[in-house]
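The sequence and structure are shown first, and the description follows.

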Amino acid sequence: MADASYTFGPFRLDPGAARLSRDGEPLALSDRQAAILLLLVTRAGKIVAKEALLDVAWKDVAVGDNSLEQAISSLRRALGPAPDGGPYIETLARRGYRFNAPVARVTARAEDAALEAMLAPHRAFIEGRTALETFERAAVVRAQG
C-alpha cells in the first residue's frame, strides 16, 4: 500500500517517517511537534480543539496548556510565515488552533517507495558525511585559531 504525505507551500510532511522538509531539506521536529502538525494539516481550515492536540501529542501524560503553546510556538518558528504573510497556524482564543494553508495529500506510487528504500542508505551516508565534514572543518578552524 502506498504511503501518503502532505504538501503545503514549500513544505512536505511525511507522517510515516515523522519528517518535515522545506524545499527538500529536512527540518528538525520532535515526535510531539510532528503529531500536532499532522493533526492540524489533516484538518486544514478547521478548528482543532486544544484537547485533541494534547491527546495526540502527550496521550496519557498530564500537561498544561503551556506545553501545547510552546510546541505551537516552535512549529511557527520552523514554518515561518505563510505565503500570504500570516502564520500557518492560527490561534483561536479559548477554542483551539487552525491550519491556514491549502494542503494537498500526495500518495506515493509503489515505484517511488521502492526507489526511496533503495536511496535511504545512500542518503544516510551522505548526511553522515556532511556532518563529519562540518565537524572536521570546525576542528581545523579551532586548531588554527
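## Terms and basis

Angles between axes under 35 degrees count as roughly parallel, over 145 as roughly antiparallel, 65 to 115 as roughly perpendicular and the rest as oblique. The axes are lines fitted to C-alpha atoms, for helices over the stretch in contact, and the angles run from 0 to 180 degrees between N-to-C directions.

The model is predicted, so local features need pLDDT of at least 70 and side-chain atom pairs count only at pLDDT 80 or more, while totals for chains, interfaces and linings use all residues. Residues are numbered from 1 along each chain as its sequence is written, and side-chain values use heavy atoms, with hydrogens and water left out.

## Overall architecture

The protein contains four helices and eight strands; helices (H or I, at least four residues) and strands (E, at least two) are DSSP runs numbered from the N terminus. Along the sequence, their order is β-β-β-β-α-β-α-α-β-β-β-α.

Of the 145 residues, 25% count as buried, where buried means under 20% relative accessible area, exposed over 50% and partly exposed in between (1.4 Å probe, protein chains only). Among contacts (heavy atoms within 4.5 Å) between residues at least 6 apart in sequence, 51% join residues at least 24 apart.

## Helix packing around α3

Helix α2 (residues 50–58) packs against α3 at an angle of about 80 degrees, with the axes 10 Å apart. The two helices are therefore roughly perpendicular to each other. On the α2 side, Lys50, Leu53, Leu54 and Trp58 meet Asp65, Ser67, Leu68, Glu69 and Ala71 of α3. By class, this contact has five nonpolar, one polar and three charged residues. Ala, Val, Leu, Ile, Met, Phe, Trp, Tyr, Cys and Pro count as nonpolar, Asp, Glu, Lys and Arg as charged, and the others, Gly among them, as polar.

The axes of helix α1 (residues 31–42) and helix α3 (residues 65–79) come within 10 Å and cross at roughly 75 degrees. That makes α1 roughly perpendicular to α3. From α1, the contact involves Gln33, Ile36, Leu37 and Leu40; from α3, it involves Leu68, Ala71, Ile72, Ser74, Leu75 and Leu79. This contact of α1 with α3 has eight nonpolar, two polar and no charged residues.

## Strand pairing

Two strands pair if DSSP finds at least two bridges between them. Strand β2 (residues 11–14) and strand β3 (residues 19–22) are antiparallel and share four bridges; Arg12 stands opposite Ser21 in β3. Their hairpin has four residues between the strands, and Ala18 takes a positive phi near 50 degrees there.

Strand β3 is also joined by three bridges to strand β4 (residues 25–27), again in the antiparallel sense. Here the bridge partner of Ser21 is Pro26 in β4. In this hairpin, with two residues between the strands, Asp23 takes a positive phi near 50 degrees.

## Aromatic pairs

The structure holds five aromatic pairs. Rings of Phe, Tyr and Trp (its six-membered ring) pair if their centres lie within 6.5 Å; planes under 30 degrees apart count as stacked, over 60 as edge-to-face and the rest as tilted. Phe8 and Phe99 are edge-to-face, 4.9 Å centre to centre with 80 degrees between the planes. This pair links Phe8 in strand β1 (residues 4–8) with Phe99 in strand β7 (residues 96–99), 91 residues apart. Phe8 is buried, with a relative accessible area of 1%, and Phe99 is buried, with a relative accessible area of 1%.

Phe11 and Tyr88 form another edge-to-face pair, 5.6 Å centre to centre with 85 degrees between the planes. Both Phe11 and Tyr88 are buried. Phe8, Phe11, Tyr88 and Phe99 form one aromatic cluster.
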